[in-house]
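I opened this entry to go through the structure piece by piece. My notes follow in the order I took them.

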Amino acid sequence: MNEVIQNMRQRRSVRHYLPRQVDQNALEEILAAGYAAPNAGNRQQLLVVVSQSAEINDHVGKAHSVLIHKFNRSGPNVKLETDDFASPELRSAFHNAPTVLMLFGPKNFYFTDADGYIFAENICLAARSLGVGSCIVGEVLEAFSDGYGRELLQKWGIPETYRSVVFVTLGYSAEGEKPERPNKYTPPLWVLERKR
Ligand SMILES: Cc1cc2nc3c(=O)[nH]c(=O)nc-3n(C[C@H](O)[C@H](O)[C@H](O)COP(=O)(O)O)c2cc1C
């Protein structure tokens, strides 16, 4: 089987990582694969933060977990409160990944999410081919909306016209190789129109 197709079929999300940091050359190759992704209008507007700070990853990942939990309980328009971080049971949505890619894109662009997720998939496939595990963590609410997050955005120079789009966790898997995922997809509906 061709290597690209093999990666597509065998890639699985990794949610437990070894503490070892991702090799720098591998990381640069993986990012280059992300930057090569198709993007709407070839505007190439995404901004990527590579966070290897355990503190930042822990806080933003926990903010994300809190928001998802609140959203599932009470729907949209939920906010981050300082108390939300107090529970010792709160787990980061980024698990223990040593590297987290945080993607940002323009708020008022129709294809921001599409661009972000296609970029993310390129990242996951390139990572797989270099022996690096990954998991897409979809941003559905503002994980940077508390004081801590706003300070980060300012420090990183993320414009106010941008929002977070998607995260990708990266690291070496502590899970072992997973089997190919069983598919629930139905067979394709063929409509073949051939000229005689
Ligand atoms: C849009 C999107 C959002 C996702 N969000 C999360 C997430 O928040 N947390 C997580 O652990 N995995 C997340 N995933 C990974 C999926 O759970 C995973 O791809 C799916 O269960 C199939 O498993 P596989 O990736 O191992 O084939 C997300 C994937 C996509 C495409």
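Predicted model: local features only at pLDDT ≥ 70, side-chain atom pairs only at ≥ 80, totals over all residues.

**Loop residues**

I started with His 95, which lies in the loop between helix H3 (54–74) and strand E2 (99–106). I take helices (H or I, at least four residues) and strands (E, at least two) as DSSP runs, numbered from the N terminus. Residues are numbered from 1 along each chain as its sequence is written.

I noted that His 95 has a positive phi of about 55° although it is not a glycine. My cut-offs: buried means 20 or more other C-beta atoms within 10 Å of the residue's own, exposed means 12 or fewer, and partly exposed is in between, with C-beta atoms placed from the backbone.

I then looked up Gln 44, in the loop between helix H2 (24–35) and strand E1 (47–51). Gln 44 also is not a glycine, and its phi is positive, about 50°. Gln 44 is exposed, because 11 other C-beta atoms lie within 10 Å.

Glu 81 sits in the loop between H3 and E2. I count Glu 81 as exposed because it has 11 other C-beta atoms within 10 Å. From Glu 81 to Pro 38, 43 residues apart along the chain, the C-alpha atoms are separated by 38 Å.

**Overall layout**

I listed five helices and four strands for the protein. In what order do the elements run from the N terminus on? I read α-α-β-α-β-α-β-α-β. Along the principal axes, the C-alpha atoms fill a box of roughly 70 × 40 × 35 Å. Of the 196 residues, 29% are buried.

I also checked contacts, which require C-beta atoms, placed from the backbone, to lie within 7 Å. Among contacts between residues at least 6 apart in sequence, 85% join residues at least 24 apart.

Glu 3 is in helix H1 (residues 3–10). Glu 3 is exposed because it has 10 C-beta neighbours inside 10 Å.

The axes of H1 and helix H4 (residues 112–129) come within 9 Å and cross at roughly 105°. I use axes fitted as lines to C-alpha atoms, for helices over the stretch in contact, with angles from 0 to 180 degrees between N-to-C directions. H1 and H4 are therefore roughly perpendicular to each other, a label for angles of 65 to 115 degrees. Glu 3, Asn 7 and Met 8 of H1 make the contact with Leu 125, Arg 128 and Ser 129 of H4. I sorted these contact residues into two nonpolar, two polar and two charged. The classes are: Ala, Val, Leu, Ile, Met, Phe, Trp, Tyr, Cys and Pro nonpolar; Asp, Glu, Lys and Arg charged; the others, Gly among them, polar.

H4 has 18 residues and spans 26 Å from first C-alpha to last, close to the 26 Å expected at 1.5 Å a residue. The expected span is 1.5 Å times one less than the number of residues. Buried residues in H4 include Phe 119, Ile 123 and Ala 127. The buried residues of H4 pack against H1, H2, E2, strand E3 (133–138) and strand E4 (162–171). After H4 comes Gly 131, with a positive phi near 75°.

**Strand E2**

I looked up two residues here. Thr 99 is in strand E2. Thr 99 is buried because it has 22 C-beta neighbours inside 10 Å. Beyond four places in sequence, its contacts include Val 22, Leu 27, Val 50 and Leu 170.

Phe 104 is also found in strand E2. Phe 104 is buried because 23 other C-beta atoms lie within 10 Å. Not counting residues up to four places away, Phe 104 touches Leu 47, Ile 158 and Tyr 162, among others.

**Ligand shell**

Which residues surround the ligand? I wrote down Arg 12, Ser 13, Arg 15, Ala 93, Cys 135, Ile 136, Val 137, Gly 138 and Arg 181. A residue is near a molecule if its C-beta atom, placed from the backbone, lies within 6 Å of it. The shell divides into four nonpolar, two polar and three charged residues.

Terms used. Contact = placed C-beta atoms within 7 Å. Parallel < 35°, antiparallel > 145°, perpendicular 65-115°, else oblique.
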